[in-house]
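Reader: Hi! I'm new to this one, could you walk me through it?
Author: Happy to, let's have a look together.

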Amino acid sequence: MAPSTSSAITLNINGEKYTLPVDHRTTLLDALRERLDLTGSKKGCDQGQCGACTVLLDGRRAVSCLQLAVAAEGRVITTIEGVADGEQLHPVQQAFLDLDGFQCGYCTPGQICSAIAVIEEHAAGWPSAATDDVRPEAGVPALGAEEIRERMSGNLCRCGAYVSIVQAVAQAAEATGTQDKEAVA
Amino acid sequence: MTTTTGVAAVTGAVGSAHTRVEGRDKVTGAARYSGEVPFAELTHGWLVLSTVARGRIRSVGDGPVLAMPGVLTVLHHGNAPRVDTDYMGMLGRPNPIVGLFQHDRVPFAGWPVALVVAETSEQAREAAEALVVQYDEEPHDVAFHSGRSDAYTPGDTPIVKAETEKGDVEAGLDASAVVVDAEYTTPEEHHNPMEPHAATARWDGGRLDVIDSNQGSSWVASELAQLFSFDPASVRVRSEHVGGAFGSKGLSPHQVAAVMATTVLHRPVRVVLTRSQMFSLIGYRSPTAQRIRLGADADGRLRAFDHQAQSLTSTVHEFVESSAVLGRVMYDADAHHTLHRLVRLDVPTPTWMRAPGEAPGSFALESALDELAEKCGIDPIALRVRNEPEAGPVSGLPFSSRNVLACFEEGARRFGWADRDPRPGLRREGRWLLGSGTAAATYPSGVGPSTAAVTAEADGTFTVRINAADVGTGARTAMTLVAADALEVDPDRVRVRIADSDLGPAMIAGGSMGTRSWAWAVTVAANELRERLSLGGGIPPEGITARSNTAEAIGALTQKERHSFGAQFAEVAVDVDTGEVRVRRLLGIYAAGTIVNPLTARSQFIGGMIWGLSMALHEEAIRDQASGSHVGADLAGYHFASHADVPIIEADWVDDPVPGDPVGIKGIGEIGIVGVAAAIANAVWHATGVRHRDLPIRPDRVLCAADEARRRAAGGAGSA
């Protein structure tokens, strides 16, 4: 018997269960975009170098182009389509909109998903390469511009919206109450 | 029926900040880009590119591939539909690369040789990778360097004049108290919009329907109609959302491949380029080798000006990177010479990339001006004030408005330029050397004919139809504001439809001409509609529509030098141990006519400045001489600025009224990049005392240059 090249899987995406047969070669990104019509996650490079396809897997950010769909079974998947609360935009989405944190918009879903995770990672005390003092007793550094830039650097933007993206992430972090009141330069 | 009376006039939309009208769709993921519109029975095409840099295709092994699961067809030069590339398009003759699969010749590595179409993208990709193409390989030449003996002067085109000359440059240089004679190089650079090029084509009721990502759907529709000899009325191209373009999104092989395949298969076909394919299929910025000679009096006044720029083109098509055009606008001298030279190599044809010509040209010229200021011992801004021309240095025409000095004045004030000690290599902060630099910026303010229609709807709203393209510029929003002011209504009552060739012809989003061109057409139609509505009466259910076509009015424009201007300021830190250059802040002040939407305009200026930073420090495509193809043709191998590379950047503008101009709007898409690389290079000199004339300013170059400078200072045998 020839080896099977496809399987029926169930994906948990944005709180809904989707059962579908997939080619084993199908990436999570292609399953979202081409099979489930969830085209908010973008394909900028298809090799994990640009971050446009960033989604949250069990609450942590991941590039969905480097994840096979069959391996995503059992994970809690959140895409850009699932971050708002109904009609109420997520604070990160609202800040991007208000501060013009995008131009063409193609990297935007990935930037927003990444930013949501950045704010949570920071709140959980994770250091970054920009953190001066990583000793546990040093506590969580303020989520200043340098920290945001470092933590967001996996998400490329060719239009060059970085300056307002950093402002938007800082503003959203403040709005979600996890940010010190320290101003972002 | 709705009455048109009793509505208070509202204006002031233009000039106040508005978030993007499609912004919510973009932050929620609802906006659909070209590869994201679903179709029943959709098939997927995957291009196969040549692996040799020159030769002929001996065979295409399509037999085994056709037997692979899901494969529907393999198109190549042996079976593809015929197309005709012998036509004149809007921007001249088409690049022969769109004459897909018409012969067996391979002119460069990455030339399209086949298209595999299958039921799923996974099947198409695997089959494309399995397709064996055999070649008769020929020797290739991809070596670009200055002083190639086979360089030639191209002919003039409507877009670029190859050479301008007045006076005797050699005599002018001989008579000059101070002379700068320096060579500058810039590398091959790639657009890399975040959204890869994608097109879906299908036949629908006798019409070709193409969902595409481009800078002008009328343009792409017209090119496709001419290429395939279709009735122009039978071709519809839509391009609702565009994930960045920067000059790269016109007609490319992917649309042609999709149209060929849907014509053969009678099913919708989507062709999406991979990131790596974009490095050979969509054009790029040519590397340049430039020589600048400036001769001046001791007080810095220019007597002789010479800018010669060499770039490359392919063996199949001619494209000139017009780096030497800057001096025709910026600086005058009695002896004045600008020249473009080309070298033909076995490489893809370059194309327009953000500020074509001005971006690499300004690196060389604005660096040379800084060197002249140093030699004359005067401030770089004072040097520019001293050389401010009264009229176009080559044309002699008056400027429509020229407020570059106001930009320098405002920029100097905000940047704190007056406190700057001009001597290099003095400021140190730990292992960082600090410096600052400045440069001028300019870009033409062109305009192209456009049609528009504005309809007063029976429900009291207005619909604007203008075939603009919003490539991230905020065109939809800008046209909403322009129409609202012309109609004297609130922007909330205006709906703008763009990016559909059925809307009628309009200027492309290119050359910083889109907003000026579209705004003109929208304003004319809206003004006429407002006048008709002012006569009173009701609005019938189908609405009242006024139309415009600006072709005649554009033809009647007075001949003038029409340009945007700006001043760029940079502060850098250079790590003396690692050679790393960090930009600490950038400031750009622009004189660019009426700014329609300050929110999105600022974003666009800053985006351009980030391109300049990226060009100065990061971007460089490396071509392997042995294989003729790129090394690292991806976003890891080709680094452009990321979050961590980008510091505090400010952009602002000065008043720039354009007397007598019917629109008052100039372009802002390109000028942000112009001069930034020079300002950064000048700041690196100010920090270190060493000139960098080759981009990008990589750490290894900084370290080697520092070593050489030390050897020279010690009287060693460093080469001159």
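Reader: Which residues of α2(A) meet α3(A)?
Author: Val92(A), Gln93(A) and Phe96(A) in α2(A) meet Thr108(A), Ile112(A), Ala115(A) and Ile116(A) in α3(A). Helices (H or I, at least four residues) and strands (E, at least two) are DSSP runs, numbered from the N terminus. Two residues are in contact if their C-beta atoms, placed from the backbone, lie within 7 Å.

Reader: And what does that contact have by class?
Author: The contact of α2(A) with α3(A) has 5 nonpolar, 2 polar and no charged residues. Here Ala, Val, Leu, Ile, Met, Phe, Trp, Tyr, Cys and Pro count as nonpolar, Asp, Glu, Lys and Arg as charged, and the others, Gly among them, as polar.

Reader: Before we go on, what kind of model is this, and how are things numbered?
Author: This is a predicted model, where local features need pLDDT of at least 70, side-chain atom pairs count only at pLDDT 80 or more, and totals for chains, interfaces and linings use all residues. Residues are numbered from 1 along each chain as its sequence is written, while chains are lettered from A and ligands numbered from 1 in the order in which they are written.

Reader: Thanks! At what angle do α2(A) and α3(A) pack?
Author: Helix α2 (residues 91–99) of chain A packs with α3(A) at an angle of about 130°, and their axes are 9 Å apart. The axes are lines fitted to C-alpha atoms, for helices over the stretch in contact, and angles run from 0 to 180 degrees between N-to-C directions. The two helices α2(A) and α3(A) are therefore oblique to each other. Angles under 35 degrees count as roughly parallel, over 145 as roughly antiparallel, 65 to 115 as roughly perpendicular and the rest as oblique.

Reader: Let's zoom out. How is chain A divided?
Author: Chain A has domain 1 (6–82) and domain 2 (91–175), with bounds that come from an automatic or database domain assignment. The C-alpha centres of domain 1 and domain 2 of chain A lie 22 Å apart.

Reader: How many residues are in contact there?
Author: 14 residues of domain 1 of chain A are in contact with 11 residues of domain 2 of chain A. On the side of domain 1 that touches domain 2, β3 (54–57) and β4 (60–63) of chain A each give two or more residues. β3(A) gives the most to that side, with 3 residues.

Reader: How many residues does the contact take from chain B and chain A?
Author: That contact takes 45 residues from chain B and 50 residues from chain A. On the side of chain B that touches chain A, the largest share, 8 residues, comes from α15(B). That side of chain B divides into 19 nonpolar, 18 polar and 8 charged residues.

Reader: Last one: what order do the strands of the open sheet in chain B have?
Author: The open sheet of 3 strands has the order β5-β3-β7 (chain B), with antiparallel pairing. Two strands pair if DSSP finds at least two bridges between them. The edge strands are β5 (105–106) and β7 (132–137) of chain B. Gly55(B) stands opposite Val106(B) in β5(B).
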